[in-house]
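Hi everyone, thanks for coming. Today I'd like to walk you through one structure, starting with a pair of helices and then moving to the inside. Please have a look at it first.

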Amino acid sequence: MPIVKATEAAIGRAAALLRQGGLVAFPTETVYGLGGDATNGRAVAAIFAAKGRPSFNPLIVHVPDAAMAGEHALLTPLATRLADAFWPGPLTLVLARAAHSPLSDLVSAGLNSVAIRVPDHPLAQALLRAAQRPLAVPSANRSGHLSPTRAEHVLADFGDGVALILDGGPTAHGLESTVIDARGAEPVLLRPGAVTADQIEAVLGMPLRRATGSSDTPTSPGQLASHYAPRARLRLEATSVKAGEALLAFGPNTPQSGARTINLSPSGDLIEAAANLFAALRALDDGHVDAIAVMPIPGNGLGEAINDRLKRAGAPRG
Ligand code: TXA
Ligand code: MG
């Protein structure tokens with residue numbers, strides 16, 4: 001069983017594995033990631049293979065601080081302002097690759113941009129510093145599955161396919177990082193996430209444009225419509241529960257029913273709801289129900305990212 005408690009010795013073992021081109025799963029403040037040496041093309045390829053991910057979908061490079069980010073990417077003035085405000089933390093910046101960067105081309109899936117983030121989790125930080133390598137770290141789930149917020153979720157997806165899973169308990173945010181294209185003078189939101197649009201707008205004093213997916217706008221290739229797919233169908237904006245459904249509830253006014261119910265936040269707190277989202281979907285999607293009725297969740301603040309993930313989870317399968 002590859003899950004180990006994240007002791008100093010375990011971190012040392014993980015760092016050694018990474019330097020040899022191996023893969024290690026570990027917690028970040030958002031979700032658990034599957035990390036590999038971002039300068040080693042074989043390690044990056046092994047990540048794609050393990051996840052069963054289409055190789056045109058680029059990965060986020062994780063580094064311990066902004067200075068290291070500057071070795072691999074061109075930090076625009078906009079990027080520096082965002083980094084100052086949100087790093088370390090759940091913000092990913094898409095930037096132009098630095099010409100001399102030793103990053104594998106496969107990390108960016110052939111694009112001339114690279115997505116970089118500085119995680120704010122003591123374990124992720126310790127591992128990055130011990131490995132002394134930038135790490136390519138997608139969420140540690142098989143492609144199309146829900147992102148893992150606990151070590152057991154990683155094990156459920158990969159079994160012994162991952163040599164080492166460092167256990168740091170449940171993740172704090174429960175939602176992936178916010179992805180911003182910061183190559184120009186104006187930021188573009190590519191993926192809503194744990195840092196809200198309001199927080200970014202407040203820091204920059206300018207509106208945050210949402211990527212539309214039209215050909216003139218760079219979008220996050222990973223934003224496939226049915227990216228976060230439970231087996232059960234999702235019925236969104238539900239105000240009652242039908243026969244055969246489980247209920248994903250939110251807030252104090254839950255419809256009365258005999259259905260299996262998980263409330264993301266009985267008090268209606270969006271931060272608590274985000275942290276519980278993926279674990280709740282996994283728990284309700286246990287093979288015993290055909291569909292999950294999902295109560296409406298407000299779209300403000302973190303609600304934007306929560307509703308984005310729910311829409312994807314409920315999208316028709318291709
Ligand atoms: O919170 C997170 O970001 C987690 C933890 C483990 O750090 N990682 C994560 O990685 O969510 P992943 O690979 O599951 O999602 C990466 C997202 C995808 O939507 C991908 O398309 C986008 O970032 N992305 C990566 N590189 C990009 C690039 N060069 N241009 C545009 N989007 C990019
Ligand atoms: Mg993912």
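Let's begin with helix H1, residues 8–19, and helix H5, residues 122–131: they pack at an angle of about 50 degrees, with their axes 9 Å apart. That angle makes H1 oblique to H5. A quick word on terms: the axes are lines fitted to C-alpha atoms, for helices over the stretch in contact, and angles run from 0 to 180 degrees between N-to-C directions. Under 35 degrees counts as roughly parallel, over 145 as roughly antiparallel, 65 to 115 as roughly perpendicular, and the rest as oblique. Helices (H or I, at least four residues) and strands (E, at least two) are DSSP runs, numbered from the N terminus.

Before going on, please keep in mind that this is a predicted model, where local features need pLDDT of at least 70 and side-chain atom pairs count only at pLDDT 80 or more, while totals for chains, interfaces and linings use all residues. Residues are numbered from 1 along each chain as its sequence is written, chains are lettered from A and ligands numbered from 1 in the order in which they are written, and side-chain values use heavy atoms, with hydrogens and water left out.

Which residues of H1 and H5 meet? From H1 come Ile 11, Ala 14, Ala 15, Leu 18 and Arg 19, and from H5 come Leu 123, Ala 126, Leu 127, Ala 130 and Ala 131. Contact here means heavy atoms within 4.5 Å.

Now to the inside. The largest nonpolar core has 44 residues, and Leu 82, Leu 91, Leu 93, Ile 180 and Ile 200 have the most contacts inside it. Such a core is a set of buried Ala, Val, Leu, Ile, Met, Phe, Trp, Tyr and Cys residues joined through side-chain atoms within 4.5 Å. Buried means under 20% relative accessible area, exposed over 50%, and partly exposed in between (1.4 Å probe, protein chains only). The largest share of this core, 5 residues, comes from H4.

Let's zoom in on two residues. Ser 113 sits in strand S7. Is Ser 113 buried or exposed? Ser 113 is buried, at a relative accessible area of 9%.

Ala 249 belongs to strand S14, residues 245–249, and is buried too, at 0% relative accessibility. Beyond four places in sequence, the contacts of Ala 249 include Thr 261, Leu 264 and Met 295.
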